[in-house]
Amino acid sequence: MKALVINGPNLSRLDLREKNIYGNFTYEELSSEIQKAAKELSIEVEIRQSDDEATIIGWLHEASDKKLPVIINPAAFTHYSYAIRDALAMVPTSKIEVHLSNPLAREEFRHTSVASGVVDGTIAGFGIDSYRLALRALVGISK
Ligand code: DQA
């Protein structure tokens, strides 16, 4: 199986973000742990990150066209990007939303995810394990 892992804004700067919330690792370390977990499950993953909404929408269009399953951490776009939600809704394959932190245990503006309603499921609050669990879930639900 081949899958696309899409990370949204500010995730490339994890080393500079709140370590008590996101964990003590860099984006490169996160990416290499995702690659390692994917390999163990025989999933070929391509991991991408962008701070730009249009770029992420383009990647979701690509996933639709190529029928690639998607694991996405939309980061702050989670809470307000209807454009990303609409693009996700079009993806015909499996889709999992992940978060390093548990947005429901944080500020109120993070309690809304406009993406959750158009994905197969959401995994949040487990740091790097959120991604590992998402990869496992992808194998289980793969369409
Ligand atoms: C996040 C949670 C979002 O609320 C936040 O804006 C992020 C990261 C997470 O992985 O915990 O940038 O998606």
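The model is predicted, so local features need pLDDT of at least 70 and side-chain atom pairs count only at pLDDT 80 or more, while totals for chains, interfaces and linings use all residues. Residues are numbered from 1 along each chain as its sequence is written, and side-chain values use heavy atoms, with hydrogens and water left out.

Me: What makes residues 53–66 a helix, and what span is expected of H3?
Reply: A helix is a DSSP run of H or I with at least four residues, numbered from the N terminus; H3 has 14 residues. The expected span is 1.5 Å times one less than the number of residues, and H3 reaches 20 Å from its first C-alpha to its last, close to the 20 Å expected.

Me: Which residues of H3 are called buried?
Reply: Buried means under 20% relative accessible area and exposed over 50%, with partly exposed in between (1.4 Å probe, protein chains only). Ile56, Ile57, Trp59, Leu60, Ala63 and Ser64 are the buried residues of H3.

Me: Why are the buried residues of H3 said to line one face?
Reply: Seen down the axis of H3, they fall within an arc of 160° (taken from the directions from the helix axis to the C-beta atoms), so they line one face. The face turned away from the buried side carries exposed Ala54, Asp65 and Lys66.

Me: What are the buried residues of H4?
Reply: They are Ile84, Ala87 and Leu88. Seen down the axis of H4, these fall within an arc of 100°, so they line one face of the helix. On the other side of H4, Tyr82 and Met90 are exposed.

Key
Helix = DSSP H or I, 4+ residues; strand = E, 2+ residues; numbered from the N terminus.
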